[in-house]
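Please open the model in your viewer and keep the selection panel at hand. The stops below are meant to be followed in order.

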Amino acid sequence: MRRLAGAFLAAVVLLPADAPRAAGRVVSIGGAVTEIAYALGAGDALVAVDSTSTFPPEAGKLPDVGYMRALSAEPIAALRPDLVLAVEGSGPAAALRQIGQAGLRLELIDEEPGVDAVLTRIGRVAALLDREQEGERLAAKVAGELERAGALVARATGRPRVLFVLGAGRGAPQAAGQDTAAARIIGLAGGVNAIEGYDGYKPLSAEAAVAAAPDVILAMDATVEALGGAAPMLDLPELRQTPAARAGRLVAMDGLLLLGFGPRTGQAVESLARALHPELGDQG
């Protein structure tokens, strides 16, 4: 807990003491940022979100400014926000420049996956929204959940090989390599990313999938639903010959929960750990 709390305190001092505070109109771009804002009790300040902001349900009632990587400056400027909070992967760059040229205050939030990064994000968003005390409480809560999840994972008796598949159904599925949010959450949950040799996402061939020899296929709920369910997904030509497909081992989770590295990360680690390690039992 001490190490995790230290990450939060470091995040707070990243914001200069004389930095301007957020006023009452905030546009939030990035699902994790939106989650943090609501968890801090600042949901009433949000006037719009992006399409990745799917939690909590209240976020779905706000105007949607589009996908975080395909933004347009005009609809954001039309909302007259006092502050635009956006994860660093937002874009395109031209749209971000136009937001700044329009005189709007734009603050970019690191989207690095990882335990310490979650607390860093909470600290930065809390400071920008003038919610430092709420941020301290949220950071302590999240740190406790992460430590409990870590203790659960420590009881696991194996390290299954996990293949995360993204975008199946439109051409070859994309498989998560190293240095991805998927690889990080798999490791935190006591698994081993089955793909080695590259970073990021690349199209997956049947040969590469067989060579990876995954024990479990991991995917977002939306990916599985788009394919019509677990059976059609496991029967994809790229996956059907893997040990995971032959054993029928598919784990599907909400994408923002699984990959967002927001305030529910401890819950995500625990849920995935229980799915990967049957010996840990169901939550209850």
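Which residue in β4 does alanine 86 stand opposite? Select alanine 86 and look across to β4, where leucine 108 stands opposite. Before going further, note that this is a predicted model, in which local features need pLDDT of at least 70 and side-chain atom pairs count only at pLDDT 80 or more, while totals for chains, interfaces and linings use all residues. Residues are numbered from 1 along each chain as its sequence is written, and side-chain values use heavy atoms, with hydrogens and water left out.

**The sheet**

Next, select the strands (DSSP runs of E, at least two residues, numbered from the N terminus, as are helices, which are runs of H or I of at least four residues). They include an open sheet of 4 strands in the order β2-β1-β3-β4, with parallel pairing, where two strands pair if DSSP finds at least two bridges between them. At the edges are β2 (46–49) and β4, each pairing on one side only, and the twist averages 20 degrees from one strand to the next. Between β3 and β4, which run parallel, there are 4 bridges.

**Helix α4**

Now select α4 (residues 93–101), in which Ala95, Leu96 and Ile99 are buried, buried meaning under 20% relative accessible area, exposed over 50% and partly exposed in between, with a 1.4 Å probe and protein chains only. Seen down the axis of α4, its buried residues fall within an arc of 100 degrees, so they line one face of the helix; the arc is that of the directions from the helix axis to the C-beta atoms. These buried residues pack against α3 (73–78), β3 (83–87) and β4 (106–109), with contact meaning heavy atoms within 4.5 Å. Turn to the other side of α4 to find Arg97 and Gln101 exposed, and then step just past the helix to glycine 103, which takes a positive phi of about 85 degrees.

**Glycine 41**

Finally, select glycine 41, in the loop between α2 (31–39) and β2. Glycine 41 is partly exposed, with a relative accessible area of 46%, and its C-alpha atom is separated by 47 Å from that of valine 210, 169 residues apart along the chain.

Methods: Axes are lines fitted to C-alpha atoms, for helices over the stretch in contact, and angles run from 0 to 180 degrees between N-to-C directions.
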